[in-house]
Amino acid sequence: MTKPALLIDIYELLLKAYGEQSWWPADTPFEVMLGAILTQNTSWANVEKAMASLREVCELTPEGILSLTPDRLEEAIRSSGYFRQKSARLRSFCQFLKDRYGGDLSCMGGYDTGEMRAELLSLKGIGPETADSILLYALDRPVFVVDAYTVRLFSRLGLCDEKAKYHDVQDLFMDNLEPETGMFNEYHALIVTHCKQRCAKRAPCCEGCPVESVCARA
Ligand code: SF4
């Protein structure tokens, strides 16, 4: 089977097993961006607590975040861990949105994806996974998001090395699939769900796995 056909096959098997995931769990593109930064090195449950606290103290907009003192912001996002670091990252990210786009995310639609990606990556604390999550889930750009789950699953499926670099794994998807935002969105969410439910780091639950037939490890 060719790589494009195999990647589509895996996608369809995961979709059949887990159904549509309808990510990202947020009400606005800016909330997606906030979540993408807050979720670094922590669970989504902790991000939800931090977002709920933030909602109590400010409007969830770049201006709202910037209206908080650093102490107040730190306190509000404490549950997400590394709260001092994340507070500084959020403030510089919001300042960037304000300076570059006037804080109006709707005007980001006219900008080139590569150009925005480079800008996001130039910000302190924004790495490829966070930048691509923002581009895909907040700005609807067809960019495949790679995370530790993606590397774990696709190395087990024999499609990448377990020590592969971010862009090598991303190229596997971007070079072999049509650039479709909806599919990239769903594919990444399905990978996360599959790894959380079955393909654990240690002792994966292989019996009855939906992609067992294509897994090199099974
Ligand atoms: S067969 Fe096991 S190791 Fe392979 S993808 Fe499924 S759960 Fe993961």
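This is a predicted model: local features need pLDDT of at least 70, side-chain atom pairs count only at pLDDT 80 or more; totals for chains, interfaces and linings use all residues.
## Domain layout

The protein chain splits into two domains. Domain 1 is built from two stretches, 3-22 and 144-214. Domain 2 covers 29-138. Taken over C-alpha atoms, the domain centres are 26 Å apart.

## The largest pocket

The largest pocket holds about 680 Å³ of space. Its lining counts 25 residues, and T39, T42, E129, D147 and Y149 are the closest to the pocket centre. Helix 8 gives the most, with four residues.

Domain 1 and domain 2 each supply at least three residues. By residue class, the lining of the largest pocket has twelve polar, ten nonpolar and three charged residues.

## Q170, a buried polar side chain

Q170 sits in helix 10, which runs over residues 166-174. Its relative accessible area is 5%, so Q170 counts as buried, the cut-off being under 20%.

Two polar partners lie within reach of the Q170 side chain. One is the side chain of D132, joined to that of Q170 by a polar contact of 2.8 Å. The other is the backbone oxygen of F144, 2.7 Å from a polar atom of the Q170 side chain. Leaving aside residues up to four places away in sequence, Q170 touches R117, D132, V143, F144 and V146.

The peptide bond between W23 and W24 is cis, with omega at about 5 degrees. Most peptide bonds are trans.

S22 is found in this loop too. S22 is not a glycine, yet its phi is positive, at about 50 degrees. Most residues other than glycine have a negative phi. S22 counts as exposed because its relative accessibility is 55%, and the cut-off for exposed is over 50%.

## The segment after helix 11

A203 belongs to the segment after helix 11. A203 has a positive phi of about 50 degrees and is not a glycine. With a relative accessible area of 70%, A203 is exposed.

C209 is in the segment after helix 11 as well. Is C209 buried or exposed? At 14% relative accessibility, C209 is buried. C209 touches H194 and R198, when residues up to four places away in sequence are not counted. C209 and E31 stand 178 residues apart along the chain, and 33 Å separate their C-alpha atoms.

Terms used
Residues are numbered from 1 along each chain as its sequence is written. Side-chain values use heavy atoms; hydrogens and water are left out. Helices (H or I, at least four residues) and strands (E, at least two) are DSSP runs, numbered from the N terminus. Buried means under 20% relative accessible area, exposed over 50%, partly exposed in between (1.4 Å probe, protein chains only). A polar contact is a pair of N or O atoms within 3.5 Å; within protein, one must be able to donate a hydrogen and the other to accept it, and residues adjacent in sequence count only if both atoms are side-chain atoms. Contact means heavy atoms within 4.5 Å. On a 1 Å grid over the protein atoms alone, a cavity is a set of points where a 1.4 Å probe fits but cannot get out, and a pocket is an open set with protein on both sides within 12 Å along at least five of seven lines; lining residues have an atom within 4 Å of a point. Grid points are joined across faces, edges and corners, and a volume is the space filled by probe spheres set on the points. Ala, Val, Leu, Ile, Met, Phe, Trp, Tyr, Cys and Pro count as nonpolar, Asp, Glu, Lys and Arg as charged, and the others, Gly among them, as polar. Domain bounds come from an automatic or database domain assignment.
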